[in-house]
Structure formats: C-alpha cells, structure tokens
Amino acid sequence: MTVFNRVESQRMAEDAIYDEVIAAGDGWMYDLEPGQVLRIVDLDGNQAADTLFYDAEQPEDHYSAVATIAGQGNIYLTTGSVLLAESGKELLKIVADTCGRHDTVGGSCSAQSNTVRYSHDKLHMHNCRDTFMLQLAKRNESYSKRDLAPNINFFMNVPVTAEGGLQFADGVSSPGAYVELQSLCKVTALLSNCPQLNNPCNAYNPTPVRVLIWNQ
C-alpha cells in the first residue's frame, strides 16, 4: 500500500523549547510530556532514523508495529497515523509529514543481521541495536534488552514485494524533510540515527538528523 500524505507544519523552529542535531551513528533518548510535539528532520536526505517509543509511566508497554499496522490498515506511517503500544494505548499521532511515508516493518540493523544480510566480515560494524542498548543502559534498571521491539524507520524506504519479501531500496526522503509527532501521553522517545553503510537507504552515506520539541 503506497502512501504519500504530505502535510506541512505551521510550527516555527525559533519557538521550539528543545533543538539538537544528532550525528550519524549517535543515539538520543528523551521524555515527552502529554501534548508536546517532536519533529525529526532529515537534514541531508535519505537518512534512516530508527525510533522506538515507550509509555514513560509503564516502560514495558512499548510501541507495537503489529497493533499500529492493524489499527490503521496500512504498513506505512504518515500524517494521521496513530502509534499504538502493545496494550493498545495511543502513544503519539503523526500531525505533519513532508516525506510522506515511513517504514514500520524493516526493523533495526544489528551485528547479527549485518552478517546475515551482507557478509560475515560486517559483524564488527556499528549498528542501531547497539545504539539502542547504550541509550537504554543510561536509564537505570527500568529498561533492558527485553524492551527492544520492532521499531519505526523514519524516512526509510522498504517496499514489500508481491511475494511478501522486503526490499531495502533507495530513499524517498529529501534534504530538510521532516515528520512531526504529538505525544498523547507521557512518552519516552528512543532514537538511533542509523550508521548503516551496507544498503542504499541512505546512499551509503549516513548523515545527521535534527530533533525539535514544542510544548504544543
């Protein structure tokens, strides 16, 4: 199902209460209050921002790709998509999107998947799963590797073939494209700015992303 529901935001960067650039390969974790809006900006185009969300008050209730896909009847995310937790709780809603489509089935890269998808000599390479784990480790004992789940790949293009397989294809994002999500409860956001060098999703050139937050 192809979706390109592009909607621009009226929010101005100078009004944001938080503004940070995340280098390629780095991670980021932040607690959003109810009603706050998070914008993720693809600064140079075709960068994959692997992202997970958690109910901040019940960390075990994390974003569910299965519940979200079933709830909206589509495997891609765009403006209007509501991100659901494992419990069915509404975590966030996409309120603006200038890319038009985001992957929620491809998952994150890991040392193990790099060897399976590419070659055994890729085992040592930096990957999103390790970045996720590093960020979670900074949050005391509330989180562990059990809290990693199938994530969203903002700006990443993963078409599904007629046979049901996945293709990691050239990106559909452009420099400056962004997605905005409004928190519907207190939500913890976890982001890995993907360092992947082995597939064309980012033209083999990982680049920074920018995150901004508004109170509403």
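## Exercises on a predicted chain

The side chain of N74 has a polar atom 2.8 Å from the backbone nitrogen of Y76, a polar contact being a pair of N or O atoms within 3.5 Å in which, within protein, one must be able to donate a hydrogen and the other to accept it, with residues adjacent in sequence counting only if both atoms are side-chain atoms. This is a predicted model, in which local features need pLDDT of at least 70 and side-chain atom pairs count only at pLDDT 80 or more, whereas totals for chains, interfaces and linings use all residues. Residues are numbered from 1 along each chain as its sequence is written, and side-chain values use heavy atoms, with hydrogens and water left out.

**Exercise 1.** Determine where N74 is found, and whether N74 is buried or exposed.

*Solution.* Begin with the secondary structure, in which helices (H or I, at least four residues) and strands (E, at least two) are DSSP runs numbered from the N terminus. N74 is found in the loop between α1 (65-72) and β6 (76-77). Next take the accessibility, where buried means under 20% relative accessible area, exposed over 50% and partly exposed in between, with a 1.4 Å probe and protein chains only. N74 counts as buried because its relative accessibility is 12%.

**Exercise 2.** Work out the strand order of the open sheet formed by six strands, and identify its edge strands.

*Solution.* Two strands pair if DSSP finds at least two bridges between them. On that basis the order is β1-β13-β3-β11-β8-β7, with antiparallel pairing. The edges are β1 (18-22) and β7 (82-84), each of which pairs on one side only. On average, neighbouring strands of this sheet are turned by 20 degrees against each other, direction ignored, the axes being lines fitted to C-alpha atoms (for helices over the stretch in contact) and angles running from 0 to 180 degrees between N-to-C directions.

**Exercise 3.** Find which residues of helix α3 (residues 128-137) are buried, and which strands they pack against.

*Solution.* The buried residues of α3 are C128, T131, F132, Q135 and L136. Because they cover an arc of only 135 degrees around the axis, they lie on the same side of α3, the arc being that of the directions from the helix axis to the C-beta atoms. An α-helix has 3.6 residues a turn, so residues three or four places apart point the same way. The face turned away from the buried side carries the exposed residues L134 and A137. The buried residues of α3 pack against β2 (27-32), β4 and β12 (187-193). Of these strands, β4 also pairs in the antiparallel sense with β5 (residues 58-62) over two bridges; the two form a hairpin with two residues between them, and D55 has Q58 in β5 as its bridge partner.

**Exercise 4.** Locate N46 and F155 in the chain, and describe the phi of N46 and of F155.

*Solution.* Most residues other than glycine have a negative phi. N46, although not a glycine, has a positive phi of about 65 degrees, and is found in the loop between β3 (37-42) and β4 (49-55). F155, likewise a residue other than glycine, has a positive phi near 75 degrees and is found in the loop between β10 (152-154) and β11 (177-183). F155 counts as buried because its relative accessibility is 0%.

Note on methods
Contact = heavy atoms within 4.5 Å.
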